[in-house]
Amino acid sequence: MKQGVVLFVLILSALGAYSNETGEDSLKNTQLQAGLLLSGGRILRNYPDFPDRSMSFFAGADLSVKTRGNRPWHYFLGYPEAGAVVWYGIPGNDSVLGRIAGICPYLGFDLGRPGSRTMLHLRYGMGFAWISRPYHRTQNPTNNLSGSHLSNVTTLEFMLRQTLAPAWKASAGVGFMHFSNGHTQLPNLGTNIPSLVVGLQYTPQVKLVTPDTSLAGYPRPLQFGVEFGLGWHEFGESTEPVGGAKYPVYSVGFMLSKLTHPVHLWQAGIFINYYTSFHHFIVSQEMYQNRQALHAATVVLFAGHQLMMGRLGLDVKMGLYLWNPFRRKYHTEIIQKPEPLKMLSSNKLGVNYYFFDPARNAFNLYVGIHIKANLGQADFTEFSLGCRF
């Protein structure tokens, strides 16, 4: 539930860091951009027992700024836009799914030659949403998409953007919205909405500058890192059992990383996770007679990439379970649903905020938040603290 709030805070902190990096003179020339977005689609059915729904409609208003080139990452990422959308929507079934309102910080990328009248535009956002009618055991038992009011939302839009006048642009394309509370409260099938999107944006012209793009010092030497995580989840599958306790998940990771470019950091390593929910189930059901704590742990080998934007890193980790005994036994013997791919795949998606500029400092501390998943199913939401040296 709280992951959307923290993602929002982290991205706003990064935007604040961007402002600090650009300097006072540059900020005097910064101009706000404003826009409107309308989208229509239909929630994808991803489970046999699924609530009825009609078309979904969302409307949003956004404010953003255009990066100007004061930092090398602006140039290397094509001078992206940084902003936030406030929106309100009708999922398609008021009595069961209610209404949704939210705020979603985003980064937008023009894909093409700067200054062209017609551009492809990619926008990626993470934020949080308020769902008016989540699951309730007696008052709303058929909403198995979300068990909580507060939810994370991830958005992706791919649009064709056309300049109508020097300061006005229209856009049309396709989008995708995903809502999930990160398995912190069941049920949590998640809400997935592909849609058609149209928009209008006021974009005052800003003078772009070309920073010093010298790659002197790149690639950086290989670095060692350690990361500690505290996560939580509700034990069970996506739809049941509901109303259970929230269990902490403790993790520690050891990794090697290499900054090969101002915006590309590659990493590989190992994570050890200890699930208190697994241990509680093992003890209560007497699943293992010996080494119960060991069987409540998992070991994951991973490789990943961070897209570096100043002090903000968009973090993707793809992992493979080396040790996962409880899940294998639980799925094959207890719920009799083996799902071999989920027993192998362990992934993380999130953001890290660095205390120091990674382009200038070999030693660094960072905080982050991630959603950890098995294949595509959320497992737990995690806060992390890391060190790289």
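A nonpolar core is a set of buried Ala, Val, Leu, Ile, Met, Phe, Trp, Tyr and Cys residues joined through side-chain atoms within 4.5 Å, where buried means under 20% relative accessible area, exposed over 50%, and partly exposed in between (1.4 Å probe, protein chains only). The model is predicted: local features need pLDDT of at least 70 and side-chain atom pairs count only at pLDDT 80 or more, whereas totals for chains, interfaces and linings use all residues. Residues are numbered from 1 along each chain as its sequence is written, and side-chain values use heavy atoms, without hydrogens and water.

Select F235, Y275, F278, F281, I282, M287 and F326 to begin. These residues have the most contacts inside the largest nonpolar core, which has 24 residues. Two or more residues each come from strand 10 (246-261), strand 11 (264-275), helix 5 (276-285), strand 12 (297-309) and helix 7 (325-334); helices (H or I, at least four residues) and strands (E, at least two) are DSSP runs, numbered from the N terminus. Strand 10 gives the most, with 4 residues.

Next, display F58, L97, C104 and I193, which are among the 18 residues of a second, separate core.

Centre the view on F326. Apart from neighbours within four places in sequence, F326 is in contact (heavy atoms within 4.5 Å) with F235, F278, F281, I282, M287, Y288 and H295.

Then move to N181, in the loop between strand 7 (168-180) and strand 8 (191-202). N181 is buried, with a relative accessible area of 1%.

Finish at F224 in strand 9 (residues 223-234). F224 is partly exposed, at a relative accessible area of 34%.
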